[in-house]
Amino acid sequence: SKVVQAWVPALATGLSQAAFFGVLAALFFYGSLLIASGEASFESMFMVMFIMFMMAAGLGQFAQGATDQQQAAQAVSRILGVLDRKSALGPDNVSGARPPEAAGRVEFRNVAFAYPT
């Protein structure tokens, strides 16, 4: 099931990239035919290409956001499962053995901390 979950976003990303480059190739081909026949200018052809590029980029970002949203929903489900779990210790139960008094001293020696890189 995790393998299928990994393939779905990968396949969606691959298909969106293939569609993007396929449309670009078709636009270049058709635009070159229009320019050669005099029906379009170089500037107008590239204006259309730019518009198509922006639309494809937005679609790619949407597809990527959809997979992130799915992962976030799964994470929320796991967190809520932990929060809704009943504790076996019973945090409100005050019965049981308790030490009369706790006293001590904690000392740290040769402790180093660094953020992971």
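A surface patch, as the word is used here, is made of residues with over 30% relative accessible area and no salt bridge, where like charges are joined within 9 Å and nonpolar side chains (Val, Leu, Ile, Met, Phe, Trp, Tyr) within 5 Å; a salt bridge is a side-chain nitrogen of Lys or Arg within 4 Å of a carboxyl oxygen of Asp or Glu. The model is predicted, and local features need pLDDT of at least 70, side-chain atom pairs count only at pLDDT 80 or more, while totals for chains, interfaces and linings use all residues. Residues are numbered from 1 along each chain as its sequence is written, and side-chain values use heavy atoms, with hydrogens and water left out.

One nonpolar patch on the surface is formed by Phe 28, Ile 35, Phe 42 and Phe 46, which together have about 360 Å² of accessible area (Shrake-Rupley method, 1.4 Å probe, with only the protein chains shown counting as cover for residues). At least two residues of this patch come from each of α1 (2–37) and α2, where helices are DSSP runs of H or I with at least four residues, numbered from the N terminus. Phe 28, placed in helix α1, is partly exposed at a relative accessible area of 41%, and Phe 46 is likewise partly exposed, at 33% (buried means under 20%, exposed over 50%, partly exposed in between, with a 1.4 Å probe and protein chains only).

The structure also holds five aromatic pairs, for which rings of Phe, Tyr and Trp (its six-membered ring) must have centres within 6.5 Å, with planes under 30 degrees apart counted as stacked, over 60 as edge-to-face and the rest as tilted. The rings of Phe 28 and Phe 46 have centres 5.9 Å apart and planes at 75°, so this pair is edge-to-face. Because Phe 28 lies in helix α1 and Phe 46 in helix α2, the pair ties together parts that are 18 residues apart in sequence. Another edge-to-face pair is that of Phe 113 and Tyr 115, with ring centres 5.3 Å apart and planes at 75°, and both of these residues are exposed. Elsewhere, ring pairs link Phe 20, Phe 21 and Phe 53 into a cluster.

The segment after α2 (42–83) contains Val 94, which is exposed with a relative accessible area of 61%. Val 94 and Gln 71 are 23 residues apart in sequence, and their C-alpha atoms are 40 Å apart in space. Asn 110, also placed in the segment after α2, is exposed at 83% relative accessibility and has a positive phi of about 55° although it is not a glycine.
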